[in-house]
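Let's take a friendly walk through a protein model. Have a look at the structure first, and then we will go through it piece by piece.

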Amino acid sequence: MTTPTIVLVGHGMVGQRFLEALADRGVTERARIVVLCEEPRPAYDRVQLTSYFSGRTPDELSMVEAGFLEKHSIELYVGDPADSVDREARTVTARSGRVFAYDTLVLATGSYPFVPPVPGKDARGCFVYRTIEDLLAIEEYARTATTGAVVGGGLLGLEAAGALSGLGLDTHVVEFAPRLMPVQVDEGGGAALLRTIERMGLTVHTGTGTQEVVTADGAVTGMKLSDGSELPTDMVVFSAGVRPRDRLARDCGLTVGERGGIAVDERCRTSDPAVFAIGECALAVDGRVYGLVAPGYEMAQTVAAVLADEAGVGEGAGFTGADMSTKLKLLGVDVASFGDAHGAAEGCLDVVYSDSRSGVYKKLVISGEGVLLGGVLVGDAEQYGLLRPLTGSVPPVSPEQLVLPAGAGAPVALGPSALPDDAVICSCHNVTKHAIGQCSSLPEVKKCTKAGTGCGSCVKTIEKLLPAAVDKGLCGCFPYTRSELYEIARTLRLTSFAALLDSHGREEARGGEGCEVCKPTVGSILASLAPALGIDGYILDGEQAALQDTNDHFLANMQRNGSYSVVPRIPGGEITPEKLIVIGEVARDFGLYTKITGGQRIDLFGAGVDQLPSIWTRLVDAGFESGHAYGKALRTVKSCVGQTWCRYGVQDSVRTAIRLELRYRGLRAPHKLKSAVSGCARECAEARSKDFGIIATANGWNLYVGGNGGATPRHADLLAQDLSDTELVRLIDRFLMFYIRTADRLERTSAWLERLEGGLDHLKDVVVHDSLGLCEELEALMAAHVAGYRDEWAQTLDDPERLRRFVSFVNAPEAPDPTVRFVPERDQIKPDLTILTLGRTNSTPEGAASR
């Protein structure tokens with residue numbers, strides 16, 4: 001028996017979902033699967049395409065899990081689209097000339113952008129907004145542009161406008177219809193959206209079309225509009241809708257619709273029984289071409305079920321239509337529509353709430369019998385996850401209560417628990433409330449049902465349906481999270497661990513000593529609040545000393561053989577020859593191993609605990625201070641040489657890096673902090689892999705936050721752009737203090753930002769727009785830190801009592817630790833690991849037993 005071959009033409013979101021559905025049903029185990037992909041990369045999340053401009057890389061947008069293709073023996077040919085189909089021979093010829101025989105052919109060719117047939121549409125500076133390659137080209141061209149215009153005010157058009165605005169261009173939107181997003185929202189919703197977008201600085205031209213793209217020397221210089229006006233612009237992005245890509249079907253004689261689209265039946269089979277079509281290229285039995293991802297996914301599931309010979313599918317069950325509801329965030333504005341959003345049903349009634357001052361518009365369409373038929377939400381789409389599943393039923397509360405904001409006459413709070421078990425929560429993957437209820441966490445929901453992995457609009461509703469965590473306490477000593485303990489200590493001005501434990505610890509823990517989890521956590525909280533609370537922030541005095549980890553305890557990093565490393569601060573990586581000589585002499589005189597780190601500092605390894613004060617003395621006398629490499633604090637602010645030396649530099653990155661490192665040195669945080677400043681978009685300092693990174697622009701600085709170059713790399717997200725020096729410092733102050741205030745124990749900014757409810761948008765609201773009214777307080781906390789900073793090395797050297805802890809043996813202060821030994825390697829030293837270092841709890845100084 002020969003193995004059947006399934007050829008899939010197209011590897012977009014729907015194509016990948018089809019492959020996953022085949023794998024779920026075991027079809028990949030008994031069939032050869034060949035995929036022809038036009039783009040130079042596998043399937044990626046086109047719904048989140050614009051997030052590329054917020055820091056997500058093309059790899060991060062990928063929808064293909066590592067090893068998926070290999071596991072299921074799927075043959076993927078990228079950059080090699082199908083060129084022709086021979087239905088009689090049942091073969092597909094690719095652009096490369098390869099010929100593939102098929103038993104089943106599945107067309108998932110998607111759609112192509114419609115470009116109005118206006119003069120100048122092919123000029124240099126004209127783009128479409130469809131693929132990652134389109135975005136890369138737009139980004140490159142925008143570097144030399146100042147003004148951009150988007151033709152089309154629909155979903156993609158507004159996303160494109162947001163991208164151009166984010167790239168620093170003066171941005172215009174030209175929409176032929178009398179309002180923005182004419183397919184999704186009504187006149188009232190369009191008006192609310194228009195007001196909000198114009199307040200952001202974008203210029204919108206509705207009720208007018210593009211007559212001509214004006215050019216000079218082959219490049220765009222402007223546009224002529226149908227109302228007679230002219231619009232000067234350097235680049236034009238066409239986003240005026242899409243058309244189904246049905247050329248292959250037409251050329252091979254398949255039936256297509258009068259206005260395009262490959263005609264399919266309920267099982268997504270074309271006029272040729274061996275050929276199927278799914279996604280945006282398909283014309284469904286209801287006469288519609290669906291341009292959303294959810295219907296495409298449903299088509300993919302239908303065809304996979306047919307090919308798996310699932311019971312009932314061949315008897316008539318299949319794809320007959322789909323929900324066109326949608327929720328998204330455009331230019332930071334929540335927009336959603338569902339059901340009969342325009343009130344087309346006979347005898348229907350509207351329930352409307354409109355607040356033009358805040359840009360909120362809500363409309364529900366209700367039948368005469370009270371059935372919810374649909375609605376439009378602009379500016380506040382919080383209830384979308386609840387309202388969409390209720391569509392087609394009579395809500396348990398009055399429609400007025402569903403649109404009024406909290407505190408404005410809406411006494412009844414209706415939550416997801418009011419939904420029936422068969423309510424579809426995730427329309428992208430058709431997942432019901434009942435299915436979600438079988439899971440215990442959001443990751444489990446995503447893994448088992450795929451709910452929340454599509455457009456993401458259902459995630460908040462899913463989280464509300466999941467069981468609440470039993471205990472979010474920091475540890476067995478405290479019933480509060482780290483952020484809650486921070487607020488308690490700050491608000492009640494508690495200045496010691498004992499006071500916090502006795503007043504807010506668990507009953508059984510009060511009067512005790514705490515544990516290895518809460519002691520360093522509270523120690524960090526008190527250290528970060530010390531300047532604001534008026535207490536000595538030195539971490540080795542009194543009770544504070546007992547709270548510290550070993551590294552903090554000795555102000556140096558313990559290494560694997562019990563020795564320590566010393567890292568002096570070198571702000572921005574800038575250092576004089578004299579200081580370099582001092583470091584060299586210290587390393588030579590104390591026999592230390594030296595290494596230049598990735599953060600542009602010099603690490604000195606191999607110091608005994610008894611040698612640390614002597615080493616610090618030499619370094620402090622030369623003008624160095626602690627680099628805090630041992631603490632959960634700011635480590636470095638890396639920099640390139642910037643405009644001072646580099647021919648590409650547009651700002652002084654070194655000066656800025658030094659300023660920032662000196663400002664935030666010693667700042668205690670839930671986790672270590674790293675930063676970098678790049679003098680131009682070439683990004684030599686790798687700023688977008690840092691907790692906060694700064695990249696120079698011709699107009700100032702772009703600030704990125706939440707990056708991480710560690711075990712789980714994450715590109716930082718753009719928080720604000722084209723900032724002045726003063727604005728940059730102000731926003732970093734707020735960002736860092738908000739992070740310190742709200743993050744969990746040992747949580748990097750990258751994980752914190754991903755966990756933060758509302759994510760980047762909420763962070764922007766808080767630290768840029770001051771939505772919570774916290775910014776003045778956050779700035780004051782940072783100002784107190786800057787004013788109260790003291791170098792811990794120098795503080796230790798100035799106090800003989802503090803110096804007494806830096807000995808290897810309490811009963812023999814002058815004796816070095818005999819177990820710390822080294823062997824030579826490459827003209828330096830390395831630890832001698834043949835010696836087993838045993839715990840010496842009776843002779844080691846306090847805290848050193850943790851070696």
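We begin with two strands that run in opposite directions: strand E29 (residues 564–566) and strand E31 (residues 602–607) pair in the antiparallel sense over three bridges. One of the residues involved is Tyr 564, whose bridge partner in E31 is Ala 607. Keep in mind that this is a predicted model.

Which helix packs on the sheet and touches E29 and E31? That is helix H20 (residues 612–621), and its direction makes about 5 degrees with that of E29.

Now let's see the whole sheet. It is an open sheet of four strands in the order E28-E29-E31-E30, with antiparallel pairing. Strand E28 (557–558) and strand E30 (593–596) are the edge strands, so named because each pairs on one side only. Another helix, H19 (residues 577–590), lies across E30 and E31 and runs at about 15 degrees to E31.

| Helix | Residues | Strands it meets | Angle |
|---|---|---|---|
| H20 | 612–621 | E29 and E31 | about 5 degrees to E29 |

Next, let's look inside the protein. The largest nonpolar core has 91 residues, and those touching the most other members are Ile 6, Phe 18, Leu 105, Leu 107, Ile 278, Leu 364 and Ile 462. Helix H8 (residues 293–307) gives this core its largest share, nine residues. Setting aside neighbours within four places in sequence, Phe 18 is in contact with Ile 6, Leu 8, Val 106, Ile 278, Ala 300, Val 303, Ala 304 and Leu 307. There is also a second, separate core of 61 residues, which includes Val 522, Leu 634, Val 729 and Met 737.

How many cavities of 30 Å³ or more does a search of the whole structure find? The search finds three. The largest cavity has a volume of about 40 Å³. Its lining includes Asn 557, Ser 565, Val 566 and Trp 616; among the other lining residues are Leu 555, Tyr 630 and Trp 793.

The chain has 27 helices and 38 strands. Of its 851 residues, 53% count as buried. Among contacts between residues at least 6 apart in sequence, 62% join residues at least 24 apart.

Notes: Residues are numbered from 1 along each chain as its sequence is written. This is a predicted model: local features need pLDDT of at least 70, side-chain atom pairs count only at pLDDT 80 or more; totals for chains, interfaces and linings use all residues. Side-chain values use heavy atoms; hydrogens and water are left out. Contact means heavy atoms within 4.5 Å. Axes are lines fitted to C-alpha atoms, for helices over the stretch in contact, and angles run from 0 to 180 degrees between N-to-C directions. A nonpolar core is a set of buried Ala, Val, Leu, Ile, Met, Phe, Trp, Tyr and Cys residues joined through side-chain atoms within 4.5 Å. Buried means under 20% relative accessible area, exposed over 50%, partly exposed in between (1.4 Å probe, protein chains only). On a 1 Å grid over the protein atoms alone, a cavity is a set of points where a 1.4 Å probe fits but cannot get out, and a pocket is an open set with protein on both sides within 12 Å along at least five of seven lines; lining residues have an atom within 4 Å of a point. Grid points are joined across faces, edges and corners, and a volume is the space filled by probe spheres set on the points.
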